[in-house]
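Hi,

Here is the structure I promised to pass on to you. Have a look at it first, and then read on for my notes.

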Amino acid sequence: MPDSVTKGEAFAAIESLLANGKPPHHLNVRAALGGRGSGPTLSRFAAAWFAERAALLAGRPSSVADMALADVIAALKSLGEPDAQGNVLANLPSAFERIGLTLDQLFIVLHAWESDLERREGILAKTNTTLASEIT
């Protein structure tokens with residue numbers, strides 16, 4: 001099927017978008033793939049990409065949050081743009097899908113960051129206990 005997209009192709013498109021400062025929602029991924037791929041499939045690939053890389057992104061939650069906020073704002077702005085027939089509600093479903101995907105991705109990254117902080121807190125508590133016992 002010529003419109004099908006592999007995971008590798010989708011991941012490469014997502015990484016290219018992120019490298020260029022663009023949010024990797026399904027509409028941008030599809031554009032990067034030359035119009036190939038369905039919205040649900042590309043959304044699943046984007047969620048999988050973020051899930052696999054959440055630990056790597058956990059060290060930079062502010063940059064991920066900034067990107068997510070920019071994407072949510074862009075989606076909200078698109079609500080006022082009419083389609084070719086002048087219907088201003090035409091963008092409503094895709095805007096909210098885009099916002100939902102963005103918030104899902106942000107949740108994954110922030111959850112990984114929180115887990116990493118909890119792990120580090122445990123290491124710090126153990127180190128403090130060890131140091132305290134060595135001092136006394």
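Which residues does Ala-46 touch, not counting those up to four places away in sequence? They are Ile-14, Pro-24, Leu-101 and Gln-105, where contact means heavy atoms within 4.5 Å.

Before the rest, some ground rules. This is a predicted model, in which local features need pLDDT of at least 70 and side-chain atom pairs count only at pLDDT 80 or more, while totals for chains, interfaces and linings use all residues. Residues are numbered from 1 along each chain as its sequence is written, and side-chain values use heavy atoms, with hydrogens and water left out.

Back to Ala-46, then. It lies in helix 3; helices here are DSSP runs (H or I, at least four residues), numbered from the N terminus. Its relative accessible area is 0%, so Ala-46 is buried. For that word the cut-off is under 20% relative accessible area, with exposed meaning over 50% and partly exposed in between (1.4 Å probe, protein chains only). Glu-15 is 31 residues from Ala-46 in sequence, and their C-alpha atoms are 10.0 Å apart in space.

Next, helix 5, which covers residues 92-135. Its 44 residues should span 64 Å at 1.5 Å a residue, and the end C-alpha atoms are 63 Å apart, which agrees. The expected span is 1.5 Å times one less than the number of residues. Buried residues in helix 5 include Ala-95, Ile-99, Leu-101, Gln-105 and Val-109.

Arg-98 also sits in helix 5, and this arginine is buried too, at 14% relative accessible area. What does Arg-98 touch, leaving out residues up to four places away in sequence? The list is His-25, Asp-71, Ala-74 and Ala-75.

Asp-71 and Ile-99 are 28 residues apart in sequence, with 7.4 Å from C-alpha to C-alpha.

Now the loop between helix 4 (61-78) and helix 5, where you will find Val-88. Gln-85 is in that loop as well. Is Gln-85 buried or exposed? Gln-85 is exposed, at 68% relative accessible area, whereas Val-88 is partly exposed at 41%.

Two side-chain pairings to finish. The count of salt bridges is one, a salt bridge being a side-chain nitrogen of Lys or Arg within 4 Å of a carboxyl oxygen of Asp or Glu. Glu-9 and Arg-36 form it, at 3.1 Å from N to O. Glu-9 is in helix 1 (residues 7-19) and Arg-36 in the loop between helix 2 (26-32) and helix 3 (39-57), so the pair ties together parts 27 residues apart in sequence. Glu-9 is partly exposed at 30%, and Arg-36 is partly exposed at 22%.

There is one aromatic pair. The ring centres of Trp-49 and Phe-50 are 5.0 Å apart and their planes are at 75°, so the pair is edge-to-face. The rule takes rings of Phe, Tyr and Trp (its six-membered ring) with centres within 6.5 Å; planes under 30 degrees apart are stacked, over 60 edge-to-face and the rest tilted. Trp-49 is buried at 6% relative accessibility, and Phe-50 is buried at 2%.

Cheers

Key
Helices (H or I, at least four residues) and strands (E, at least two) are DSSP runs, numbered from the N terminus.
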